[in-house]
Amino acid sequence: MALTLLRGIHSNCFRLYPAVYVARKHVRHFRVRSSQGQTAMQEKQQTQLKASPKSESANCPYNYGAHPNTSVCPVCMGLPGALPVLNSKVIESAVKVGLALNCKLSLSSKFDRKQYFYPDLPKGYQISQFDIPIAAGGYLDVDLPVEFGGGHRKFGVTRVHMEEDAGKLLHTDNGSFSQEIKTFPYSSLSYQIYCAFIITFTVLFTPNQDHHFHVDLNRAGVPLLEIVSEPDMRTGTEAAEYAAELQRLVRYLGVSNGNMQEGSLRCDVNISVRPHGQEEFGTKVEIKNLNSFSSVSRAIDYEILRQAQLHSQGQADQIVQETRLWEEGAQKTFTMRKKEGLADYRYFPEPDLPGVNLSEEYISNIRDSLPELPETKRRRYENMGLNMQDVLFLVNDINVAAFFDATIATGADVKLAANWIMGDIAAYMNNEKLSIDDIKLTPQELGELIASIKDGTINGKIGKEIADPSEIEKIVDKVLANNPKQLEQYRGGKTKLQGFFAGQIMKETKGKANPALLNKILLEKLNAKP
Amino acid sequence: MLSSAETPRLLRSPAALTFKCLHTSPILTPASTSPSPSQILTNRKALLSRQTSAVDLAKSLLHRLRRYEPQLSSFLYVSPDDIVLKQAEELDNRIKNNEEVGPLAGVFVGVKDNICTRDMPSTAGSRILENYRPPFDATAVRKLREMGAIVVGKTNMDEFGMGSTTEGSAYQVTANPWDLSRVPGGSSGGSAAAVSARQCMVALGSDTGGSVRQPASFCGVVGLKPTYGRVSRYGLVAYASSLDVIGCFGSSVADAGILLNAISGFDNFDATSSKQEVPDYASQFVPLDYMESKPLKGLRVGVIHETLGNGVDSEVVSSVRSAVSHLEELGCTVSEVSLPSFSLGLPAYYILASSESSSNLSRYDGVRYGNQVFGEELKSLYGDSRAEGLGSEVKMRILMGTYALSAGYYDAYYKRAQQVRTIIRNSFKDALDKNDILISPAAPSVAYKIGEKKNDPLAMYAGDIMTVNVNLAGLPALVLPCGFDGGSAGMPVGIQMIGAAFDEQHNLSRDVRSPCPWVLVENLSFVRERVTES
């Protein structure tokens, strides 16, 4: 499709002043850095959310990392005569997220056009939801990590609405910055952050207007959800934890891969500060280009500092309504564009899309199909007697939680299962850069192992670790020699048996073998030519 | 050149062509008393019985097209002869080999230039899309081609459909075949003129506020505006999305009906297209010979009171009234209905259409395609590209629409116009509950002189009074010739018949003499017969 299109449109179709064309050499710069395995996973999940307004009849799936303008069709290019089509999957995702955020759903909402000119906006307007979002008035429960002082927070969610993504501006070099902010003790001011946390919508842009930029329309028209929070966060950490919980939520729900690097989850923050004793908040400033939770946290702390400093110097009037960009390299925010007065987006109902009507039955079907959500899981694990650190670790990744649940379903001791997963297994995963789905150990095997330890078959006290390769090698050789049949099966392709051998070795060493070392040696031996 | 036996006969030939261009042509017969037969059906019969070949048909049509084009300027682009002839040749081979041919095989279609065609430029009559070639066919065009139709060219139009005279084209002014000094109407003036002069058999147009019906009336052909959503808008360059529909031109009601049948139906690419089943309009045509003396008995016809009063030319009123009395003779129950909200339609229409167009035309920014003017910065790239590429009428409507949607004015203009739209929709619904069809003139006057209203946009807008309400209500309407202004030497007058939206059609069609206007096809041709007799 894309190729046809490129042929079909006359030659200057991607031109943007000054004389911009799609230069392949710049492309590499923006390509994926992830491994093959991860890419495959991303595609699956993106297909779910990419759906796109163009797309029930989709002919241009969005693949993160594809060459610029190779995943485009008449719809995302904004060609004359092209029309948007809404994918019902998008509505389903929105309802899921709305329910998971404890929102009230609008049984009848609609789409609107938000109008402005920008090179990454092919139609000159963005299809969004203006006055009637699909969901509103919810909240999100967050348990703060123990290292940040812990505690439970409830952050309000103002609204969840559906909209389409714009394209992406790719810039060729970084602008230079001269602004300096010195560290300033802001304890003398009480401040408040208005943190509007938003899934997606970030335009990559550089403050330096002088150089060329390119437009990549691959993601134009991709559907997304925007989630706006209440101004309930007080520190960068709180905002980052809120963001992390949202990521967890969308992954649990399966509506997005939530990857911030890829832009599947994007975050803009609005911050305003008020001096101690002042009732009203100051001017709010928007920060974009936050590509990780740590940049969310650091950008907010930086911006609080900057605003607090201006207040203390009597220069509060220099805090203006503007969009600032977080520069990771400089660890600072810089002015991207100042907002002159209130932008008039001339919203009006989108005539190309019918209204969105939800039936009570549709909603309750989706509600019934929701998985156990992170907050519920945390409370359940807590009630099992796990401490908050364990709970947060296990719930963080839905696959780890599922592994844990499957392990305790075999009757394994809760605390031991948690310890194994958080200790040896996590260390192994970390060393080998594997996810829990990639390791050969099954929850059943872990359950058996734990049971063996508990009933004394192997030593319950996992004592000093055997970390001497030659000692482990000896045991591995012994186990392989004792199980020739399994070895043959393994070499015949039944690689799952690796877990069996690992279990045997653990049994032999009474669980003391260093797992990473064990697996390394075991694999070498298993895969060695007989 | 066709022999007269195969030629669709004109009820009355367009005067201009008869006297100024066609005086030597043997193909035009004098005024006939029988209604125009279907060109599509006649040609199909001739092709399948091998009386004529598609190549011969194509040659004579192209010859005719090119011959009148210098006087009419109805086409912005004509397909090269060899491409048309190649398609005709393929069709001949299929017929020769007794292979199946599509229902529109050998039908030569003109397509309005705002409907995308992958092999021809699609400029919507605007400089900003000069030489723009879309990479895809509009759904309507794709369907026509799949059924064997041959697209002969792209017809002229007011830029982006904004105008009622076709003078608003950035490229050329089209003349009315009945009088070359007059406008063909608009915005689908090129399509109407081309069908009227038989430069093509049928044509596609688009109707946002009357752009099919008013030129059909001005050029003395049949124009059909389908229910909103009946035909996919995918590939129709948007003017006002909630009002736009692709419509049909034909020299007979049958042709317009057959064309509609071909392009109708739900489309995955247009979320506003309807899943309502498409009836086979053609199968419901009743040949004249089989009709009883009062074939329209029981049909309830409501004449819209507000459309026959002040501001409407007396000749137009009398033509429509005599057509109505003929309908009565054919068995219709005629009554007068009042739509008090009728006059509100015009201002509401111009606010809504301008508002939507201000948004729809934002995409012409010179960035991805179309006319681009280099600028030192982004703002001047946008500004200069649009200043140079868009015409004055288009700019005026963009400004009006931008104003109407601006913060602080939205409630007073856009929102209020939407409320008026609801009132109009409801009043039509009430009137159509009591009547099967509603009748009005298609335009308050016949075709006027080129240049006459060019500098008076309000006078031009006022001419849309008869048609805009139907778009606001989303209803189907058929326009067909019902007489002439100033006797048989004058310009054609069109009558407009408004039906209920397809949603209601099924409830009402228990009667064979369905109220759906285009089902009356041959029946309504009686109107024309009587007109020529009188």
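**Salt bridges and a buried tyrosine**

Okay, let's start in chain B: Arg142(B) and Glu146(B) sit in helix H5, residues 139–146, four residues apart, which is about one turn of the helix. Their side chains meet in a salt bridge, 3.0 Å from N to O. Arg142(B) is partly exposed at 34% relative accessibility, and Glu146(B) is exposed at 56%. Keep in mind that this is a predicted model.

Over all chains, the count comes to 51 salt bridges. Now for one in chain A. Glu350(A) pairs with Arg113(A), with the closest N and O atoms 3.0 Å apart. Glu350(A) is in the loop between strands E14 and E15 and Arg113(A) is in strand E3, so this pair ties together parts that are 237 residues apart in sequence. Are these two buried or exposed? Glu350(A) is buried at 4% relative accessible area, and Arg113(A) is buried at 0%.

What else does Arg113(A) meet? Its side chain makes a polar contact of 3.3 Å with the side chain of Tyr125(A). That tyrosine is in strand E4, residues 125–128, and Tyr125(A) is buried too, with a relative accessible area of 1%. Tyr125(A) touches residues of both chains, including Glu350(A), Asp352(A), Ser359(B) and Arg363(B). Lys114(A) is 11 residues from Tyr125(A) in sequence, but their C-alphas are 5.2 Å apart.

One more pair: Glu322(A) forms a salt bridge with Lys338(A) at 3.5 Å between the closest N and O atoms. Glu322(A) lies in strand E12 and Lys338(A) in strand E13, so the bridge ties together parts 16 residues apart in sequence. Glu322(A) counts as buried, at 2%.

Key
Residues are numbered from 1 along each chain as its sequence is written. Chains are lettered from A and ligands numbered from 1 in the order in which they are written. This is a predicted model: local features need pLDDT of at least 70, side-chain atom pairs count only at pLDDT 80 or more; totals for chains, interfaces and linings use all residues. Side-chain values use heavy atoms; hydrogens and water are left out. Helices (H or I, at least four residues) and strands (E, at least two) are DSSP runs, numbered from the N terminus. Buried means under 20% relative accessible area, exposed over 50%, partly exposed in between (1.4 Å probe, protein chains only). Contact means heavy atoms within 4.5 Å. A polar contact is a pair of N or O atoms within 3.5 Å; within protein, one must be able to donate a hydrogen and the other to accept it, and residues adjacent in sequence count only if both atoms are side-chain atoms. A salt bridge is a side-chain nitrogen of Lys or Arg within 4 Å of a carboxyl oxygen of Asp or Glu. Lists of a residue's contacts leave out its neighbours within four places in sequence.
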